[in-house]
Amino acid sequence: MKKRGSLLADAKEVARGWRWSHRPLVPKSVELPDAEPHDFPTAWARTSVGRAARTALQAYALKPLIDYEVKPRVEGLDILQGLRAPVIFIANHSSHLDAPLVLTSLPPAWRDQTATGAAADYFFDVWWRAAATALVFNAFPVERSGGKGRATHLAGEMLNDGWNLLVFPEGTRSKDGWVRDFRMGAARLAVEHAVPVVPVALRGTYQAMPRGAAWPAKGRKPVTVRFGRALRPRDDETATEFNQRMRAGLAITLSEDRTTWWDAIRNGERDEASGPDVARWRRVWEASAPMPVARKAFPQR
């Protein structure tokens, strides 16, 4: 017989069984019919009231929480001094910490003018999560299936209105901590609207909060956010060609953070961001190793 007085246990059991979202309950291997995408309005989050509320939430709630859970180090912000909005920030993606880290690392003037692309099927599947994501991160829904859809049109409109965009070209979080292939959306936007792209290298987020974790690991893991040199589309460059340059630019920025600026330049186009060509368990093992401290190019004696 079940003991009385276990109200908390009953509540947890109900919560586990409650369907909190509209995601399919069938296995991923089952092909589902195409469903009409549900558009969640986000323009309200970019009004003066929404911007004021977001500024307060990011400054007095999000940033202190990030600083409490991890130990961030920000490098390369000086590259923003020679840029004018709008720009597209692209970052590698392996954790739910990535977007909060990039946003809270930006100077307030840049942060206030930056919108974040978020997966429509994850962050915009129920109204309460969609509203919170839109307000706190100034997020807009992105269809992970790719293609030139309504999300691309909305992103283009925001660029025309002077908004910076933060996007993750991999489309989803890495399962093993290494950088995946880029999708074409960010490159198309940059080429069509002639805006520069700033690669942002994130290191340590996979160790601090890998895919599947509900909260950052204990102990304030060290993480770094490094802003790389801006890339500009050339006049005769296709989106495919620029996408390759974006991938190389992010790889160089990651290499610079792991080693030094000189070593990253010397390595050139060699892509170490994809990780070693070994079994998946070894890739995960190597990506999960404690983050080493980058060497200084000109160490002090």
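A residue counts as buried when its relative accessible area is under 20%. The views below show a predicted model.

View 1. The chain has twelve helices and seven strands. Its accessible surface comes to about 17,600 Å². Carbon and sulfur atoms hold 57% of that surface. Among contacts with a separation of 6 or more, 76% join residues 24 or more positions apart.

**View 2. The second largest pocket and the elements that line it.** This pocket has a volume of about 390 Å³. Its lining is made up of 23 residues. Gly177, Trp178, Arg203, Gln207 and Ala287 lie nearest the pocket centre. H9 gives the most, with three residues. By class, the lining has eleven nonpolar, eight polar and four charged residues.

View 3. H10 has 20 residues. From its first C-alpha to its last, H10 reaches 29 Å. That is close to the 28 Å expected at 1.5 Å a residue. Of its 20 residues, 14 are buried, so H10 is largely enclosed by the rest of the structure.

**View 4. Asn243, a residue of helix H10.** Asn243 has a relative accessible area of 8%. Buried means under 20%, so Asn243 counts as buried. Leaving aside neighbours within four places in sequence, Asn243 is in contact with Phe182, Arg183, Met184 and Ala187. Arg188 also belongs in this view. Asn243 and Arg188 are 55 residues apart in sequence, but their C-alpha atoms are 8.3 Å apart in space.

**View 5. Helix H3 (residues 98-105), buried along its length.** Eight of the eight residues of H3 are buried, so this helix is largely enclosed by the rest of the structure. The buried residues are Asp98, Ala99, Pro100, Leu101, Val102, Leu103, Thr104 and Ser105.

**View 6. The cis peptide bond between Ala85 and Pro86.** Omega of this bond is about 5 degrees. Pro86 sits in a loop.

**View 7. Ala194, a residue with positive phi.** Phi of Ala194 is near 55 degrees, and the residue is not a glycine. Ala194 lies in the loop between helix H8 (185-193) and S6. Ala194 has 61% relative accessibility. Exposed means over 50%, so Ala194 counts as exposed.

**View 8. Arg220, another residue with positive phi.** Phi of Arg220 is near 50 degrees, again in a residue other than glycine. Arg220 is found in the loop between H9 and strand S7 (221-227). At 35% relative accessibility, Arg220 falls between the cut-offs of 20% and 50%, so it counts as partly exposed.

How values were computed. Residues are numbered from 1 along each chain as its sequence is written. This is a predicted model: local features need pLDDT of at least 70, side-chain atom pairs count only at pLDDT 80 or more; totals for chains, interfaces and linings use all residues. Side-chain values use heavy atoms; hydrogens and water are left out. Helices (H or I, at least four residues) and strands (E, at least two) are DSSP runs, numbered from the N terminus. Contact means heavy atoms within 4.5 Å. Accessible areas come from the Shrake-Rupley method with a 1.4 Å probe; for residues, only the protein chains shown count as cover. On a 1 Å grid over the protein atoms alone, a cavity is a set of points where a 1.4 Å probe fits but cannot get out, and a pocket is an open set with protein on both sides within 12 Å along at least five of seven lines; lining residues have an atom within 4 Å of a point. Grid points are joined across faces, edges and corners, and a volume is the space filled by probe spheres set on the points. Ala, Val, Leu, Ile, Met, Phe, Trp, Tyr, Cys and Pro count as nonpolar, Asp, Glu, Lys and Arg as charged, and the others, Gly among them, as polar. Buried means under 20% relative accessible area, exposed over 50%, partly exposed in between (1.4 Å probe, protein chains only). The expected span of a helix is 1.5 Å times one less than its number of residues.
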